Structures are given as structure tokens and as C-alpha cells.
Amino acid sequence: LEGAPAWSLPRLRFLARGSGLPGDDPTGRAPVEVAWLLVPEDAARSRLARLVRIAAPESPAGSLRDDRVLRAMLRDGLGLTVLDGVAWARFEAEERDGSRAARSRVVADQPFDFPVRLHLALERVTGNGRRKPATLDSEIGANPAPAILRGTAPIAMPELALVDREWVKLTGRWPVPNFAVRGERDSAVAPHAAGAVVYLPEASSARFLIPAQGRRLP
């Protein structure tokens, strides 16, 4: 994680009952801290990441809210990789008024209001799209332009593609899509050489309801 860009570390942390997590707390008595985060597969050469789950009984010696503790646990191999090849992910909390935000915090000493739902959107590169990704047939500049792709056609063209470290919005069809909008998702616009890898991720999403619409029950 040293030197990893901030985009690669969205995270979700929460406290759960150990009785519901026997693999993390065999006694079933301790509260368990759980964190989900993205860890770069290779921060120097790729923007793909692993979705990792880390859990540990709550301890005054160190909390998962401390990034140093998370890094130490990852270095020690204590994280569980749930998915690899993740190109992009976003957690969002939905409040009762319908608003959604990427940041949400429930104060520990006044845990009365919780989000109504949690939303997860994720884009992943798998299979041949990972082993033999599409490549650019010729160099392209930094402006919107058509591109010729080589490789195996995806089942469906995604709305966004990852070229080197730049996200671009696609229109048109395989194998000659148009790079219609450059520098999406706050990525840096840049020219790309012939042979540059073009990841075409598959998108999925899920939402998780919070009991009692986020209100704490007596």
C-alpha cells in the first residue's frame, strides 16, 4: 500500500456481533471490527485491485479505523481476497431523504440513525478480458477520437473503458468505438501508444437494506 494513490482505497468499516461471525470470534462474545477495502494488485503498473475483507475482534491495542493497523494486517497476509481484477468500485450510503453519499459515519456514543441502504457498484475485469485484454491498433492523442481495438470482442461493450490509467467514455461498437469523453472519473487525459492495453470491465451492482429503515429499535 505504500505510495498507493487515494483512488485505490475506498473502504467500508463497521462493528458486528462476534456471535454472528464465528470464523472471526470463536467465543461469540467480542464485538468484531470488519473492513472492506480495495488493495492495488500492482500500484506501479496497473490500476486493477483486489477487494479485500479484514476482520478482527475489537481491541484497545489497535483499531481498523487506523490505516497503520490495516496496512500491518495486510502485510501479514491477514486479509481475505474476495474478488480480484477490480477496476473501479464505489460504496454509497442512502439516507431516509433519498440522498446518497460516499461518506457516512454513525457516532459510536449516539448510534441512533443509520443509513436506510448501502449501495455497492463494482466494475471488474475477468477471463479473457484479463488474460488477453484488447489493445489499441494505433496511437491516439489526448482528444476525443475513434479508436481501433484488437483482441476478443466483449459480450457487451461497457460505457467506460480503462486505457493505461485513463478512463474514457465509449460510444459506437466493437472494434471501432469512439473515445467520446476523455479523463472520466478524475483520471488524467493522456495520449496512448499503439499496443496500449484497453480494459473493458463488466459492471455489477447491489444494494443492502438496513433493518427498520435505519432507525435504532429499542
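1. Asp 66 is partly exposed, at a relative accessible area of 26% (buried means under 20%, exposed over 50%, partly exposed in between; 1.4 Å probe, protein chains only). Arg 68, exposed at 63%, forms a salt bridge with Asp 66, the closest N and O atoms being 3.1 Å apart (a salt bridge is a side-chain nitrogen of Lys or Arg within 4 Å of a carboxyl oxygen of Asp or Glu).

2. This is a predicted model, in which local features need pLDDT of at least 70 and side-chain atom pairs pLDDT 80 or more, while totals for chains, interfaces and linings use all residues. Residues are numbered from 1 along each chain as its sequence is written, and side-chain values use heavy atoms, without hydrogens and water.

3. The structure holds nine salt bridges. One of them joins Glu 123 to Arg 185, with the closest N and O atoms 2.6 Å apart. Glu 123 lies in strand 6 (residues 117–124) and Arg 185 in the loop between strand 12 (178–184) and strand 13 (197–199), so the pair ties together parts 62 residues apart in sequence (strands are DSSP E runs of at least two residues, numbered from the N terminus). Glu 123 is buried at 11%, whereas Arg 185 is partly exposed at 28%.

Conventions:
Helices (H or I, at least four residues) and strands (E, at least two) are DSSP runs, numbered from the N terminus.
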